[in-house]
Amino acid sequence: MTNQTERTSDHGMNGPLSDLRVLELGNIVAGPFASSILADLGAEVVKIERPGAGDSIRSSGESGDVIFNALNRNKRSIALDLKDEDDLAAMYSLVDVADVFIENLGRGTPERLGIGYEDLRARNSKLIYLSIKGFQEGPYGEHAGMDVVAEAMSGLMSVTGEPGRQPVRVGTSIADMGGAMYGIMGVMIALRERERTGEGQRVDGTLFESAAHWMGYWVTYADRFGRDPEPLGASHPSWGLYDVFETVGGWLFVGVTNDRQWTAFTEATGLEHLRNDARFATAEDRRANMDSLLETVQAGLRDADRKDLFGRLTDVNVPSAPVNEPSDLIDDPGLEAANLIGRFRPDGAESTELQTLLAPVSGERFGPGQYRDPPSVGEHTAEVLDEWVESA
């Protein structure tokens, strides 16, 4: 297999954001995820880490190690102790020539360190400063924020899981990533505005408000009908057949959203007799008799081969999908065709090559790339200071 680092080694120089200098003072997921989007598109991202320990996720066990590697590819690392006068001065020298600064420290911490927005703006009025926090300033502004807090307070957790069981979080750091993504949207808007005004600005990326935005139509539902939706599992109340089913080979999702798909589904699965059942005659009937429908369809699909069934449903354009495990996405042909598989070596050239997913942001003349392996703590301190300060 060709090493993607070799294959796209010039992407950082030629990517669509290659003229952008980004400083990231991030930990765990939100800040690193935000800057990774810019890095995948060619921005020069320099990660500022604590000497010795580095990003706290580095020392958080097996999952922490891979989270660090997946989110910190395509970056260089410098080690600075911001409580040390000389190291803080060194960081200021980088801020002077940076375009974007990203932090997801606890509220008030940047100001105590002398690296809050007003501190850095006084040095570089063109700087775009992305601050990622649990909540916007306001009544919740001082609350401790983290991914699950945002999922819980936004209502997202209340509709995740199965009816009658305890609420559960989404299986990835969805609110962290959402706050980061909205933050990066804000960064790009601020950069566009800077072209007109010559001035930078602070941009907010927040976990709670991002997750709440995704809950918008359920908020409208609750307001309209005076009741809250139940946890959805894999289903949805708008459609007559929309759930996961056990088959030979694993779980398969099927989503029938109109009468054409219902007819095609019954023919592809050999369940034509269901069209003669008065309980399932129309979409409204199917919604009204959802429990009976799901039980009947499950009985008809339990002995079917998942791969064969998926192929037959795909052939007649009925939405369906195998419920994949993360391992199923390794070397996935669709992701490969979209150039979204990043291959890297976490500990240098001698280590085993690993895969992750690149930021899915592309256009006719641009796309993401993998061009730099994850850094060790402070690996690039001297070279970054030389390069950036020399160019000032």
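**Helix packing and the parallel sheet**

Modeller: Helices α5 (residues 85-95) and α17 pack with their axes 9 Å apart, at an angle of about 50 degrees. The model is predicted, with residues numbered from 1 along each chain as its sequence is written; local features need pLDDT of at least 70, side-chain atom pairs count only at pLDDT 80 or more, and totals for chains, interfaces and linings use all residues. Side-chain values use heavy atoms, leaving out hydrogens and water.

Biologist: Why are α5 and α17 called oblique to each other?

Modeller: Under 35 degrees counts as roughly parallel, over 145 as roughly antiparallel, 65 to 115 as roughly perpendicular, and the rest as oblique. At about 50 degrees, α5 and α17 are therefore oblique. Their crossing is left-handed (the near helix is turned anticlockwise from the far one by less than a right angle; clockwise would be right-handed).

Biologist: Which residues make the contact?

Modeller: A90, S93 and L94 of α5 and V384, L385, W388 and V389 of α17, where contact means heavy atoms within 4.5 Å. By class, the contact has six nonpolar, one polar and no charged residues (Ala, Val, Leu, Ile, Met, Phe, Trp, Tyr, Cys and Pro are nonpolar, Asp, Glu, Lys and Arg charged, and the others, Gly among them, polar).

Biologist: What angle do α3 and α9 make?

Modeller: Helix α3 (residues 30-40) packs against helix α9 (residues 174-197) at about 45 degrees, with axes 8 Å apart. That makes α3 oblique to α9, and α3 passes α9 in a right-handed crossing. From α3, A30, F33, A34, I37 and L38 meet D176, M177, A180, M181, I184 and M188 of α9. This contact has ten nonpolar, no polar and one charged residues.

Biologist: How do you know that S36 is buried?

Modeller: Buried means under 20% relative accessible area, exposed over 50%, and partly exposed in between (1.4 Å probe, protein chains only). S36 has 6%, so S36 is buried. S36 lies in α3 and, leaving aside neighbours within four places in sequence, is in contact with L71 and K75.

Biologist: What makes β3 and β6 edge strands?

Modeller: The open sheet has six strands in the order β3-β2-β1-β4-β5-β6, with parallel pairing. Strands β3 (75-79) and β6 (201-206) each pair on one side only. Two strands pair if DSSP finds at least two bridges between them.

Biologist: How do you know that β4 and β5 pair?

Modeller: Strands β4 (residues 100-103) and β5 (residues 128-133) share four bridges, in the parallel sense. The partner of I102 in β5 is L130. Helix α17 (residues 381-391) lies across β1, β2 and β3, at about 100 degrees to β3.

How values were computed:
Helix = DSSP H or I, 4+ residues; strand = E, 2+ residues; numbered from the N terminus. Axes fitted to C-alpha atoms, helices over the stretch in contact; angles between N-to-C directions.
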